[in-house]
Every structure is written in C-alpha cells, then in structure tokens.
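Colleague: I'd like to learn how to read strands and helices in a model. Could you walk me through it?

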Amino acid sequence: MRVIYTDNNATTQVAKPVLDEMIPFYHELYGNPSSMHNFGGQVAKKTAEARQKIAALINADPSEIVLTSCGTESDNTAIRAAITSNPDKKHIVTTRVEHPAVKNLYEHLAKRGYRVTFVPVDRKGILDLDYLYDSLTDDTAVVSVMWANNESGVIFPIEEISREVSDRGIVFHTDAVQAVGKIDIDVKKTGIDMLSFSGHKIHAPKGIGVLYVRKGTKFSPFMIGGHQEKGRRGGTENVPSIIGLGKACELVGEQLEEENTRVRALRDKLETELLKRITDADINGVKDNRLPNTTSIGFGYVEGEAILLMMNEFGICASSGSACTSGSLEPSHVLRAMGVPFTSAHGSIRFSLSVYNTEEEVDYIIEKMPPIIERLREMSPFWKQAQEGKLKN
Amino acid sequence: MWDYTDKVKEHFLKPRNVGTIENADGIGEVGSLACGDALTLYLKLDGNKILDAKFQTFGCASAIASSSALTEMIKGKNIDEARKITNDDIADFLGGLPKEKMHCSVLGRDALEKAISHYLGEEEKKVEGEVVCECFGVTDLEIKRAVTENKLTSIEDVTNYVKAGGGCEKCHDDIQAIIDEILEKEPSVKKKPAKLTNIQKIKLIGETLEREIQPALEQDGGSIELVDVDGNLVMVKLCGACATCAMSQLTLKDYVESKLRELVAPELIVEEVK
C-alpha cells in the first residue's frame, strides 16, 4: 500500500545520497580509524571530514563535537557531566515538557538527592521564563531546556535563556534534537555549553547522536573506554553512520531554506484546511514561533489511537498524544503541562512533515481526515451531547 | 503499535450495532472523557430476552471492538445468560486483547451490568467501598473484584484491568496492600519470601558484593570492601581507582545500591565510609 509519511519528528527516511556515501564503509573500507596502517588511516580522514560537516551545521568547531550512539546518550552524557563537575551543587533545572531522555533522567536524579525545578509552560506551550530565572541559585548545577518541543513544535528562546543562565556561571544544556536541521542554529551566538542532536531525525541513520561541548566546558565522559572522541566517549566509532551523518548535515544545511518556505507552506495548508473542514479542532501550541514542519491538532470528542488506526488504513502515518497509543492511561505529559482539556488531548494528532513530502500528499490527507473524524464522532456518545450543549464534563 | 488480533481490527473497522435505540428499555453508561474511554449501551428487551443492543463508544480501537463484540454476544440471550458474561469472555470473543487493553473489556462488562440493572429497575448501586485511585475514581471493592476474578498479582495488572494506579501513582501502596491481602488468603499463589534474618542479610550482602559487584569494579581498577551493616544501612569502603574517581558517588548509588536492592532487599541504603 502507498505510504504517506508525516511522522518525521519520530524518525526520518535515510536520504538516498546519505545511504550511498555510507555503503562503502560497511564492506570495502572497513578499517578502524584508530589503526596505524593506511587502510585504517584513510577511514580516519573520512570521519574527520564528516565531523567538519557536522560541526558546520551548528557553526561549531570540529573539536567541540562528541559523537555518541543517540540523542538520549548525548542528553545523559551532558547532564551527568555537568553534575559530576559540580559535585557540591544539588539543584538542577529543566522544563515540564522535555523528552523522556531528559525528563526521566531528572526524575531519576530527584530520587538521588537532587532538588529539581520543572519550569511550567502556558496553554500555548510558551515557557515561563521568569519562573526559570527566579529558580536559579548558587546551588544550581545545570539547566537543560529543549530547543523545540517534539509534540507541539513550539520553539523556546534558547539564545536568550542560554545567555541568562551562563552569565550566572551555571552550565546550560539544550536538547536540540527537533530543532537541528529545521531552524538555523549558530552556537557561537548563544551561551550554550552543551547541545544534543540525533542523526535519525535529519535523514541520517538511527544509532548516531551528537553532543556539542563548548571549548572550556568542564566534562567527564559517560561511556568510559578507549581514547576515541579525544577520551570523551569510549568505543569504536560507528564509521558508516558518522559518514552518513556528515552527508546528512550537509544536505539539511542546504535544505534549511526549503524547510522554512515550501515545507512550512505545506504544513500551513494542512492545518488551515483541516481546521476549515473539521469543527471542534484546535492547534496545540502557539502558531508562530513553531517548527516549520510540525502541527499538533486536537480533535474534540474522539480518541487518538482510533484516529491513527483509521488513518493507517489509508497509509497515512502520524503520531498521537493520546494515552492509548503509549500504553499509559493519561494523555502525553506535554499536552497535560499545556493544560489542553481532556476533550481534545485524547484526540490530538501530530503531523510532522519533511522535505520529501509533496503537496499531493498533503491534499490526500486533507481529503481523508474529515470522514475519519466524522465517523468516530458518530460513534462517540459525547459528540451529540456536546452539539446539544448537554456535555457535563 | 499494538498487536491486535484480526478480529479486534475487524470489529474496530466494521463495528456492529453502532448507534442508539429510541425508547430503550435499559441504558448503561460507563467511563468519562477524562478517563479516555466511555461506553453507552442501549438494550431493547422483551420480558427476559434481549432483542436488540446498540452502543456508542468514545475510545481506542480495542474499546470500540469490545463494545461491538459485547453487543453481538448478548443479542438473543436472556438476562441470566447475559449476566454471566465476564470481561474475559469479551476478550476471548475477540481472540484476546493486549494486557494493557484489558480495561476495555471491563468497560463492556460494567456497561452491561448497568443496563440490565436499569431495565430491572434495580436501584442504582451507590458507589460502594472507598475510592483508592483518585485519578480514575476506582474503589477498593472494584480493585478487589478485579484481583480475585482475574487472579492479578501486580499493580501493573490492576492498572491494566481497572485503570487504578495509572495516573499520579500515589495509590500504589494501597493497591499493593489489597493485592497482598487477597494473595494471603489464596494459598495456591506463591507467597513472598520470608523476611531475611540479620545474619542471612549480612551474608547475602557480602556474597553479592563479592560475586556481582567486585568483578565489575575491578575492570575499572577499583575495589569495594564491606565495613558494617546497621539495619538497612550498608557501609562500604571504596578503594583503588574508585576512591579517587569523580563518578564514585554515582557508582555507589546507581550501581552498588541498585544491585544490592535487586538481589538482597529493596530497602537497603548504601553509604561510603572513608
């Protein structure tokens, strides 16, 4: 069956040029970059070139790039490095809408004697900056704030926050997994000490992550082993993926403009047309200052898993913030933190596009969604009650 | 993605008996928007016999499929037969449900009970028992019933069947107490191992340190010594590379303590003595 893939915040297709560059490094050029012989040395040259391309995407120096196995490892490394280098400080700060890679690590640290501040967001997903700044004390070891939210797509003012935090001598980390490749990032314009991102969200393969560590930032490795990554991350390099990530970074750098024009226009068309055709539907999150590819729409009085499985019948792939899709019983912590009412939180669907989506695909989704929602609403006991103004909840 | 059976998918995509019945003889309404699933069941009866059944459901694929299955199962049955239907019967009819989705079948059974009571003019049962799970409004009696009928043994099971404990998790201790109370009465179910004596505990801590923990630390050039045990407090000394390692506190809490908690007793606390 035909697949319409609009779930690019979950993962992306490895781009063909990326795959092509990777393949020789599996079979022909399989040397270890650490080896003394030329056979390995030629691979080291290629990974060094890739590292330059990776650094260039965020305007960092190649020596500031630590390659890891995923975004989660980068986040763990950064936050643990920050608290290990500040052993006397027992307060750590983050937001209520982080990805589990950061959120669950903070909760884990909370059980181990750290005082944790979770900064709230408002109904539109905008971060309460005063709350954040007021929470900072001499005891604060690290502040970790995501650059853009994976569900709502809302972008946080990281340039400002990072400067405010680092001016106070506190380590600042950002999980930029959703932001890199979608918006322009220049770490030199910020006060960021560490920044994480992941290969598989930008058309590189799964299993490769990046941690930017600003020169001069105190660091201690999470993965202890060999001298790889200048002793900052042990373990033989994932060579084909590093090569692939280098190419992917080059490509998304070139496509950044398209992402912010054509893809943004497709996203805008998708949400405008769906909202026009479907009543009782709302966008979760502020409309401007959002990732150009993401829209989260809450469809009232229907449930997300049921919507997704009906979309699945048409080959349309997206995600839901509903409880039932995750096996938990409550809607996503992001939608709850935003205070999205239960009437639409359970029925929230996130579409996330990429440069590989076409207008024809968006038109197909616009055509298929209204009957799906209508069908489920006809089945829902709340829909009629809501129409008649009789709904108690 | 959930591993739904073909029958669940079929009843979700082509649900039978969706809708309402004008002047229904019995109506059963369960669940709420906040809970994420709700079912209204409409019955048409002739005396003791269920002539027709229709439903409206807000919820996931398995909630819709369970509702559809329920209506198919009860049509043509008399009340006594219908009342014998359990949530397991509904799940079986569908070829099984993922365990995280068993509460959808419970929803069906509850709606059926309510609709029959409504028809018979039985007074609506007041909420009996005490609410244990505030998030989903589940009482101790409902939890006891689910535990007994389905032979549940963990909090996770209880959450899967009646949702209790799936929200803020504050009630987890209470749910555990209910499970323990029921398991105590049920001799066929294995009881928790008896509490360790002090001597056994110290011996087991020593063995675990030596067998499990020491070899791992040695790989990093470190070492650990057991100094003393006072109640649940385990005092250890880190030596070798561990003594000067900046990560030693993390090693101690994340690794040594969690390993001892896993293999000896969950209430142990590990502290370093210099």
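Colleague: Let me start with a strand pair: which residue stands opposite Ile50(B) in S3(B)?

Modeller: Leu45(B) stands opposite Ile50(B). Before we go on, this is a predicted model, where local features need pLDDT of at least 70, side-chain atom pairs count only at pLDDT 80 or more, and totals for chains, interfaces and linings use all residues. Residues are numbered from 1 along each chain as its sequence is written, chains are lettered from A and ligands numbered from 1 in the order in which they are written, and side-chain values use heavy atoms, with hydrogens and water left out.

Colleague: How many bridges join S2(B) and S3(B)?

Modeller: In general, strands of a sheet pair through backbone hydrogen bonds, parallel or antiparallel. Here, S2 (residues 37-46) of chain B and S3(B) pair in the antiparallel sense over 9 bridges; pairing requires that DSSP finds at least two bridges. Strands are DSSP runs of E with at least two residues, helices are runs of H or I with at least four, and both are numbered from the N terminus.

Colleague: In what order do the strands of that open sheet in chain B lie?

Modeller: The 3 strands run in the order S1-S2-S3, with antiparallel pairing. S1 (26-32) and S3 (49-58) of chain B are the edge strands, each pairing on one side only.

Colleague: Now chain A: are the residues of S2(A) buried or exposed?

Modeller: In a regular strand the side chains alternate between the two faces of the sheet. In S2 (residues 65-68) of chain A, Ile65(A) and Leu67(A) on one side and Val66(A) and Thr68(A) on the other are all buried, meaning under 20% relative accessible area with a 1.4 Å probe, protein chains only. S2(A) also pairs with S8 (residues 209-213) of chain A in the antiparallel sense over 4 bridges, and Val66(A) stands opposite Leu211(A) in S8(A).

Colleague: And helices: at what angle do H8(A) and H12(A) cross?

Modeller: Two packed helices are described by the angle between their axes and the distance between the axes. The axes of H8 (residues 239-277) and H12 (residues 359-379) of chain A come within 10 Å and cross at roughly 20 degrees. That makes H8(A) roughly parallel to H12(A), a label for angles under 35 degrees. Axes are lines fitted to C-alpha atoms, for helices over the stretch in contact (heavy atoms within 4.5 Å), with angles from 0 to 180 degrees between N-to-C directions.

Colleague: Which residues of H8(A) meet H12(A)?

Modeller: Among them are Leu266(A), Leu270(A) and Arg277(A).

Note on methods:
Angles under 35 degrees count as roughly parallel, over 145 as roughly antiparallel, 65 to 115 as roughly perpendicular and the rest as oblique. Buried means under 20% relative accessible area, exposed over 50%, partly exposed in between (1.4 Å probe, protein chains only).
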